[in-house]
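Here is my note on the model below. Please read the points alongside the coordinates.

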Amino acid sequence: MALGNSLTMERRDGLLLAAHTFVGVLFWSFAEALPRETYWFALEAMDIPSEVVYLAVLLVPSGLLLSFQVRRLAAQYCGVGLLVADLCMLHRFVSSSAEAHLLAGCAGMAALLLVLCALWSFTHHVRPLSADQSVTLPRLSVAGLVLGNLIVLWLRWAGRSLNPIVPEDPVPRVVCGIFHVPILAASFVLVYYHRAFMLASGPVAACQWGCGRRGVALVGLPCLIFFTQWLYTAPTGVPRWIGVAPTWGWLVLAAFTVGCLGAHTGGAYFATGLFALGGVCFHVSASSGVALFGAALLGLALPSIWLLLVPGSFAALTATTADVDVVTKPTALGPAMDLSSEPEVPGVTPEPSRAKTCSVASWVGASAFFLALGYILLVALAITLTTYDYLPAELAGLRGQRFVIFYAVVAGVTVATLLLFDGPASWSMAMSSMDAVRVRVTLAIVVIVVIPAAVVHLMTSALPGSRVPSNTLGNTTSDLRLLSFNVYQGFNRAGGNNFGHVLAMIKDYDPHIVAFQESDTMQMGSGGIDLTEFVASQRGMYSFADPKTQDDSFGCALLSSYPIEAATGIVLPSHGENACLQHVVLDVHGVALTVINIHLGNDGTADRDAQLLVVEHYVQSSTGPVVLTGDFNTPKWSHAYNSVMARVHMTDAGTEGNCVRPSVNPASGRPIEYILYRNLSCIEFEYPQTYSQLKTADSFPRIAFVNLTTA
């Protein structure tokens with residue numbers, strides 16, 4: 001009988017953790033989408049947009065949490081909060097408005113923050129669910145947030161960086177709807193087991209915490225959420241950050257998965273030491289190998305940090321003072337207790353009041369407020385790293401400060417964990433009931449999510465060079481086709497995702513070479529979705545995305561059906577935005593073809609002239625057939641355009657008379673994007689304007705059909 005009751009409790013705890021894991025899945029999906037939706041309005045306005053006022057919705061939970069009854073109800077009926085948040089996400093099915101998406105996203109995230117902070121505020125004030133008192137609903141909630149991120153990482157690995165939880169192009173609606181079924185089921189599971197939330201029969205053991213440590217808790221929590229999102233919610237985020245092949249994303253995923261399985265073994269000192277060492281290795285060396293090693297250490301330590309810091313922080317924020325009498329310790333629920341039919345507990349008593357310090361409610365409200373505000377400010381700082389040029393001049397000082405922010409956040413998380421950790425201090429192989437539940441659910445995730453996601457990624461990703469387009473397209477035969485397009489940081493003019501429509505456009509012209517500008521969609525403001533990998537893996541192309549994300553440019557990327565023999569990416573000199581240049585040598589059937597892909601700054605004549613001098617140097621040092629393409633931000637026939645054309649001795653494919661078949665859609669106005677060539681012959685030039693900018697981007701593609709021999 002005892003064994004049967006024990007198995008029943010294990011199944012219940014496992015089911016509760018699985019349900020809380022889907023809270024985590026939705027939380028990280030909102031965390032991915034919100035910065036992107038906010039940044040879109042900043043990109044459109046080239047300034048701080050009025051729509052940022054919607055982010056104030058994230059501060060609403062801090063006011064609601066001041067009420068004990070609201071906190072108790074939000075914690076007990078957290079399934080209702082999950083349901084509300086999921087409906088906010090599903091709202092995207094019926095609305096295509098970017099403003100509506102932002103408002104619904106803020107409301108959904110606010111609902112999740114309310115239930116999470118409410119649950120965590122009772123960390124030491126609820127009756128445990130296990131005999132060893134390790135399993136509690138707040139701890140299940142924290143573990144669920146960690147495992148939810150694990151699921152999102154692997155789903156995005158299978159989806160080529162796209163999250164199937166977020167309804168947007170090009171994720172099929174049916175696929176997205178299927179993935180929301182378990183989230184809706186989880187909300188009903190949490191409502192069904194709402195009676196599992198029971199307050200302790202008396203105050204917990206007294207503990208004196210100073211305001212200083214509570215202040216550390218208010219800083220550490222937003223730093224932890226921000227750091228996790230910045231580096232560990234996108235499977236190719238770390239590789240793009242340090243400039244290595246995106247296939248190294250598997251290392252990040254493997255490290256985080258192992259960290260989830262072994263989070264109970266290291267203890268606080270080992271976890272924080274591993275985390276700090278990983279942060280140092282990630283940047284201290286110019287070696288990409290050392291940086292990858294650091295990223296792996298960070299991934300291994302991050303789950304342990306979550307499980308130690310969040311309960312410890314809320315224990316500090318809600319601890320009783322030394323002058324409060326201790327009545328009893330929390331009592332574990334009996335093994336035979338049926339939570340689904342147990343009557344409500346009468347006379348629930350709130351936490352002890354404080355005679356000499358702030359109330360628990362004040363600290364909990366402050367925690368929710370600083371959690372939301374700190375997160376918003378840190379995300380804004382990360383976005384400003386690339387957009388400072390379009391914002392107030394006072395923000396220009398943030399240029400090049402990525403690793404200052406990185407180390408400040410790592411230090412904040414490390415110090416907070418060391419001061420506030422709630423768990424074992426040193427290495428231990430002992431496994432509590434909570435650890436056992438987490439390991440079982442993690443192993444289930446490995447079987448149900450990780451292995452299928454890895455197989456899908458492997459089966460649906462074409463190997464580089466596995467497909468070479470035909471030399472004939474329609475009635476035109478040429479040695480190769482080159483397409484150049486400014487992808488507008490992954491946005492279309494409606495503020496949505498343009499990945500699917502960009503891919504469809506590329507399929508229409510089946511180019512051998514693709515040059516993207518504004519392609520670094522791995523920035524936080526772009527949602528950390530990898531356009532370059534998305535296209536390259538589906539077209540079987542080699543790819544080169546450089547400058548690295550850590551260089552804070554809008555990005556350049558080159559994709560090729562032919563092997564890349566040599567490649568260099570640099571940030572061009574500028575007092576404004578970080579412009580980029582790529583110098584790539586391709587092996588086209590034994591012929592060395594040089595392709596130079598550029599995105600010049602939009603900051604006035606002085607910057608652009610300095611950048612053009614560097615471009616000219618790379619062109620003049622190149623031999624054989626050369627293509628110079630990209631977004632010059634330089635109007636045609638302007639003094640700068642005429643000067644560079646005279647010095648580089650190249651031909652503009654878009655100028656009528658230079659190609660055998662010029663485009664039937666001549667550029668309206670004065671174009672700023674070009675395909676220039678030397679030691680090649682142009683067969684045809686296309687400038688199609690049939691692609692709606694509400695679906696693709698804020699410009700039109702340019703396609704050149706060329707032969708490797710001169711006419």
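**Notes on the predicted model**

1. The chain averages a pLDDT (the predictor's confidence in each residue, from 0 to 100) of 89, and 91% of its residues score at least 70. This is a predicted model: local features need pLDDT of at least 70, side-chain atom pairs count only at pLDDT 80 or more, and totals for chains, interfaces and linings use all residues. Residues are numbered from 1 along each chain as its sequence is written, and side-chain values use heavy atoms, with hydrogens and water left out.

2. Two stretches need care. pLDDT stays under 50 over residues 203-208, which have 23 contacts (heavy atoms within 4.5 Å) beyond four places in sequence. Residues 321-357 also stay under 50, with 80 such contacts. Where pLDDT is low, the predicted coordinates should not be read in detail.

3. Helix α6 (residues 137-158) packs with helix α15 (residues 433-460) at about 10°, axes 9 Å apart. The two are therefore roughly parallel (angles under 35 degrees) to each other. The contact includes Leu147, Ile151 and Trp154 of α6, and Val441, Ile445 and Val449 of α15. Its residues divide into 18 nonpolar, two polar and two charged.

4. Helix α10 (residues 249-261) has 13 residues and should span 18 Å at 1.5 Å a residue; its end C-alpha atoms are 19 Å apart, which agrees.

5. In α4, the buried residues include Cys78, Leu82 and Met89.

Conventions: Buried < 20%, exposed > 50% of the residue type's maximum accessible area, 1.4 Å probe, protein only. Helix = DSSP H or I, 4+ residues; strand = E, 2+ residues; numbered from the N terminus. Axes fitted to C-alpha atoms, helices over the stretch in contact; angles between N-to-C directions. Parallel < 35°, antiparallel > 145°, perpendicular 65-115°, else oblique. Nonpolar A, V, L, I, M, F, W, Y, C, P; charged D, E, K, R; others polar. Expected span 1.5 Å × (residues − 1).
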